[in-house]
Amino acid sequence: MNIASDPKLVPQTGPLSAEANQAAALAAFGGVLTVDLDALVANWRKLEKTAVPAECSAVIKANAYGCGADPVARALSKAGCKTFFVATIEEARVVRAAVAEPTIYVLGGYFQNTGDHYAAINCRPVIGDLNELAEWDVFCRRTGWSGGVAIHVDTGMNRLGLTLQEAQAIIPRINAGDHGITLVMSHLVSAEQLNSPVNARQLAAFRGIASEFTGVPASLANSSGIFLGAPFQFDLVRPGAALYGVNPTPEADNPMQPVVDVKARIVQTRNVERGETVGYGGTWTARRPTRLAIIAAGYADGYFRAASANDGTRGAEVMVAGKRCPVAGRVSMDLIAIDVTDLAPNAARRGHMVTLLGDGITVDELAHHFGTIGYEVLTSLGHRYARLYKGGNAELPVEKLATEQPAAR
Ligand SMILES: *Cc1c(COP(=O)(O)O)cnc(C)c1O
C-alpha cells in the first residue's frame, strides 16, 4: 500500500504539524519500506557505464523486484533507460501506463490470442518456441501489426528459448529482410560464478548464432553477466537484481548501492528472567536476565522464519539505536523478539523504529539468514509496510500528504 496516496490515512482530528501528521499516518503500519530512487538511478548509470557502448536496459519484472514497477520505470526512463523487460503482459500494462516511449519486452512470451494485448499497449513478446513464432506471425498477418519481437535462443539454461538448430532454421527469414525480429537474446546459467566453464560455452554458442542474425541487436548479459567483461555485453545488457542493490559479484565487494530500507516499530519492551523461553515452541532460552524489544514485523512481511534464533543457533540481526542486536526465538507471523540487553538502558523504547534492512544490513546478508538469495528477499518484502519513495521523481513524498491535509477536509 502506498501511504501517500491513501486519503483514509490522513488523520481526521485537529490541526497537526506536518511531522505529527506523518507520524500519525505511519502509525497505521507496523513498518516503513523506503525505496531510494536516486540510488536506483545511480546503480543503473553505473551498469550503463560498465557496459558502454552497449545499451543498458532494465529488468523490472515482479513489480521491479518488489520495489514498485511504476516509480522504478518512471525514474529509470527519466534517467535515459529506453528498454524494459517484464515477465507478463499484465506487468507490461503497468509499465506502459507509467512510461509512454520506451520499448517493453515481455519475457513470458506469446500465448494464444494475446496478440491484441501486445498491440494495445505496444509491447513485444520474447519468443522462445517455434509454435509461438508461428502464432505471432498469424496474428501479424491478420491484423497488420508490426510491433516486433525478440527471439530467445537457449544456450544451456534449458528453460525457455529456441534450440540452436531451431534458431538456425529461421536464418533464411532474417536474410529475406522485413522479418520483424528486433532482438536476439539468451540467458546465462551461472553468470555470478566468474570461473564457471558454462559462461564460456554459452558465450561461444550465442556468439555463433547471434552473428547469423544479421543486423539484429543481440543481448546475453544479466546483472552478473555485465561483470564478466565486454565480450558478454553485446548490443544490450539486461540487469535486474543489481539495480536494486543485490551484489552481482558475490565473490567480491558489492559495487552497487543499497536501494531498499525497511524499518519496523517496537511495540513493546519486556524483561525476562534467566531460564525463561521466548516465542513459539520455546526454542530460545534466556541465558541471563534479558531485555527484549518486540518488533511489529514478521514472516508475513517477508522476514523469513528461517532467520529465527534457537538455543545453539544464531539468527539474523536487527539495528536498534545504531547497534546490531540478535533475534531471540522464532520469527512469528507479525512479530519478532530482539535481544536488546546489551544496549544502554532506555536506548530501545516503545515506538522507536528499528532497521531490518539497511544501515549496513544488506539484502545479501538477510538472504544468507533466510537461506535464499537477495532476489527472493526483495520479491518477498510483502505489502503491509507503508511504502515511501525518496529521490528520483517520487511523486507523492509523505510530506506532501501532510501539506495537502487541510484541503482534504
Ligand atoms: C530476470 C532476468 C534477467 C535479469 O537478471 P538479474 O540476474 O536479476 O540481473 C535478465 N534476463 C532474463 C531472461 C531474465 O529472466
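Which residue in strand 14 is the bridge partner of Thr269?

Author: The partner of Thr269 in strand 14 is Ala293. Before going further, the model is a predicted one, in which local features need pLDDT of at least 70 and side-chain atom pairs count only at pLDDT 80 or more, while totals for chains, interfaces and linings use all residues. Residues are numbered from 1 along each chain as its sequence is written.

The bridge from Thr269 to Ala293 belongs to a set of six that join strand 11 to strand 14 (residues 290-295), the two running antiparallel. Strands are DSSP runs of E with at least two residues, helices are runs of H or I with at least four, and both are numbered from the N terminus; two strands pair if DSSP finds at least two bridges between them. Strand 11, residues 260-272, also pairs in the antiparallel sense with strand 1 (residues 31-36), over five bridges, and there Ala264 is the bridge partner of Gly31. With strand 18 (residues 353-357), strand 11 has four bridges, again antiparallel, and Arg265 stands opposite Met353.

Turning to the chain as a whole, it holds 15 helices and 19 strands, and its C-alpha atoms fill a box of roughly 80 × 55 × 35 Å along the principal axes. Of the 409 residues, 45% are buried, where buried means that 20 or more other C-beta atoms lie within 10 Å of a residue's own, exposed means 12 or fewer, and partly exposed lies in between, with C-beta atoms placed from the backbone.

An automatic or database assignment divides the chain into domain 1 (38-244) and domain 2 (258-384), whose C-alpha centres lie 39 Å apart. Nine residues of domain 1 and eight of domain 2 take part in the contact between them, two residues being in contact if their C-beta atoms, placed from the backbone, lie within 7 Å. On the side of domain 1 that touches domain 2, the elements giving two or more residues are helix 2 (37-51) and helix 3 (61-65), and helix 2 gives the most, with three. That side of domain 1 divides into seven nonpolar residues, two polar and no charged; Ala, Val, Leu, Ile, Met, Phe, Trp, Tyr, Cys and Pro count as nonpolar, Asp, Glu, Lys and Arg as charged, and the others, Gly among them, as polar.

The largest nonpolar core has 117 residues, of which Leu40, Ile60, Tyr244, Val260 and Ile338 touch the most other members; such a core is a set of buried Ala, Val, Leu, Ile, Met, Phe, Trp, Tyr and Cys residues joined through C-beta atoms within 7 Å. Helix 2 supplies the largest share of this core, seven residues. Because domain 1 and domain 2 both give residues to this core, it lies between them. Leu40 itself touches Val72, Ala75, Leu243, Tyr244, Val259 and Gly392, leaving aside residues up to four places away in sequence. Two of those contacts, Val72 and Ala75, are among the buried residues of helix 4 (residues 69-79), which is followed by Gly80 with a positive phi, near 120 degrees.

Some backbone details remain. Val52 and Pro53 are joined by a cis peptide bond, with omega about 15 degrees, and Pro53 is placed in the loop between helix 2 and strand 2 (55-56). Asn113 has a positive phi, near 60 degrees, although it is a residue other than glycine, and its place is in the loop between strand 5 and helix 6, where it is exposed, with 9 other C-beta atoms within 10 Å. Tyr110 lies in the loop between strand 5 (103-106) and helix 6 (115-120), and it is buried, with 24 other C-beta atoms within 10 Å.
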